[in-house]
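Please go through the structure below with its sequence at hand.

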Amino acid sequence: MTAEKDLHTLLATMRPELREGEFVYVLWPEGRPLAGGVSAVVREAEGLTVVLPRAEADSLGLSYDFVGAWITLQVHSSLEAIGLTAAVSAALTGAKISCNVLAGFHHDHILVPVADAERALEVLHELVAACGDEQPAPELVLRSEQPADRPAILALTAAAFAVSPVTGLPVQGVPEEVGLLAGLFDCEDYLPQFSIVAEQGGDIVGHVISTRGRAGELALLGLGPIGVVPRLQRHGIGSALMKETIARANAAGERGIALLGDPEYYSRFGFVAAASLGVGAPDPAWGAHFQLLPLALWPGGASGTFRYAEPFGGT
């Protein structure tokens, strides 16, 4: 396969793909044989720089400062091509995202801060659309869910959770989130203004729901499930749904939003460990994964175990 040199063609046909995991740069100890899942090596006069998965660095006791998400620019670029990494870097700079570039024989790769991975992919897809013959993606519309939307929402949820977010393995049968969501639509704690769909080109491509929950006598929102169609995951739709939920909750005078999820992802929206605010997880084993966002009218002095809406099964 001939490597491409033309910049316009490279940008128009590029397919940015996020590699699974988190990666770090470490200074390899002098004289120590390489070990672990090393992904890249650069020898400098000052020493050997190694890029490897964060978990590998932790297991080997190696220190690091930067934790990155690895994005491969899936286009066979020539090492003599001019301007590809400059164009990518400029686009990310415009979005205030730092990037570190690695050039391979077949592809270029960039590492961006983990917290910026989703936005970086969105910026790169916008760059591809702007350079290609295709039309830019239709505008994303966020609106309240209507009863007629529910079949599409349930189908979306089935597709979004076809692979378990806990195990990473395919789910056998219908994902449990589908039944949970159907129950939330019909329960007493359903709040119509907090069931939000993301619509693009007339298609529902994302959905998030928050229902009434409580910690002691304090009324809160319990967020989840949140889902995006697989083909558009990591395109910023989940972030848009989260931001819309938070904006609506503040406007409605809600006190806070609780959820169960990845602390590294949800901390970007201001979520902290719920226990630090006096709210216990329904299951103590959840630990720091049970999080809370105190809103503008957060009263302070909260205490008690959080109780989700009844369809969650008492959790």
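Which residues lie nearest the centre of the largest pocket? They are Phe161, Pro165, Val166, Asp262 and Tyr266, out of 49 lining residues. A pocket here is found on a 1 Å grid over the protein atoms alone, as an open set of points with protein on both sides within 12 Å along at least five of seven lines, and lining residues have an atom within 4 Å of a point. About 2,300 Å³ of space lies in this largest pocket, where grid points are joined across faces, edges and corners and the volume is the space filled by probe spheres set on the points.

Before going further, note that this is a predicted model, in which local features need pLDDT of at least 70 and side-chain atom pairs count only at pLDDT 80 or more, while totals for chains, interfaces and linings use all residues. Residues are numbered from 1 along each chain as its sequence is written, and side-chain values use heavy atoms, with hydrogens and water left out.

The protein chain has 8 helices and 16 strands. These elements are DSSP runs numbered from the N terminus: helices are H or I with at least four residues, and strands are E with at least two. The C-alpha trace spans about 65 × 50 × 40 Å along its principal axes. Of the 315 residues of the chain, 43% count as buried; buried means under 20% relative accessible area, exposed over 50%, and partly exposed in between, with a 1.4 Å probe and protein chains only.

Several elements give two or more residues to the lining of the largest pocket: α4, α5 (150–160), α6 (176–186), β11, α7 (237–251), β12 (256–260) and α8 (263–266). Strand β11 gives the most, with 6 residues. By class, the lining has 27 nonpolar, 12 polar and 10 charged residues. In this scheme Ala, Val, Leu, Ile, Met, Phe, Trp, Tyr, Cys and Pro are nonpolar, Asp, Glu, Lys and Arg are charged, and the others, Gly among them, are polar.

Strand β11 covers residues 218–228 and contains Pro225. The peptide bond from Gly224 to Pro225 is cis, with omega near 0°.

Two of the lining helices can be checked for length against an expected span of 1.5 Å times one less than the number of residues. Helix α4 (residues 117–131) has 15 residues and should span 21 Å; its end C-alpha atoms are 21 Å apart, so the two values agree. The buried residues of α4 include Leu121, Leu124, Leu127 and Val128, and also Glu118. Helix α7, also of 15 residues, reaches 21 Å from its first C-alpha to its last, close to the 21 Å expected. Among the buried residues of α7 are Ile237, Leu241, Met242, Ile246 and Arg248. Gly253 follows α7 and has a positive phi, near 80°. Arg255 is in the loop between α7 and β12 and counts as partly exposed, at 33% relative accessibility. The C-alpha atoms of Arg255 and Val38 are separated by 46 Å, and the two residues are 217 apart along the chain.

A positive phi also occurs at Lys96, at about 60°, although Lys96 is not a glycine. Lys96 is in the loop between α3 (84–94) and β6 (100–103), and is exposed, with a relative accessible area of 76%.

The aromatic rings come next. A search of the whole structure finds 12 aromatic pairs. The rings of Tyr265 and Tyr266 are edge-to-face, because their centres are 4.8 Å apart and their planes stand at 90°. Tyr265 also pairs edge-to-face with Phe269, at 5.6 Å centre to centre and 65° between the planes. Rings of Phe, Tyr and Trp (its six-membered ring) pair if their centres lie within 6.5 Å; planes under 30 degrees apart count as stacked, over 60 as edge-to-face and the rest as tilted. Tyr266 is buried at 11% relative accessible area, and Phe269 is buried at 13%. Elsewhere, ring pairs link Trp286, Phe290, Phe306, Tyr308 and Phe312 into a cluster.

Some rings have a charge over them, a term that requires NZ of Lys or CZ of Arg within 6 Å of the ring centre and within 35 degrees of the ring normal. Arg19 lies over the face of Trp70, 4.0 Å from the ring centre. The charged end of Arg32 sits over the ring of Trp28, 5.6 Å from its centre.

Key
1 Å grid on protein atoms, 1.4 Å probe; cavity = no way out; pocket = protein on both sides within 12 Å on 5 of 7 lines; lining within 4 Å.
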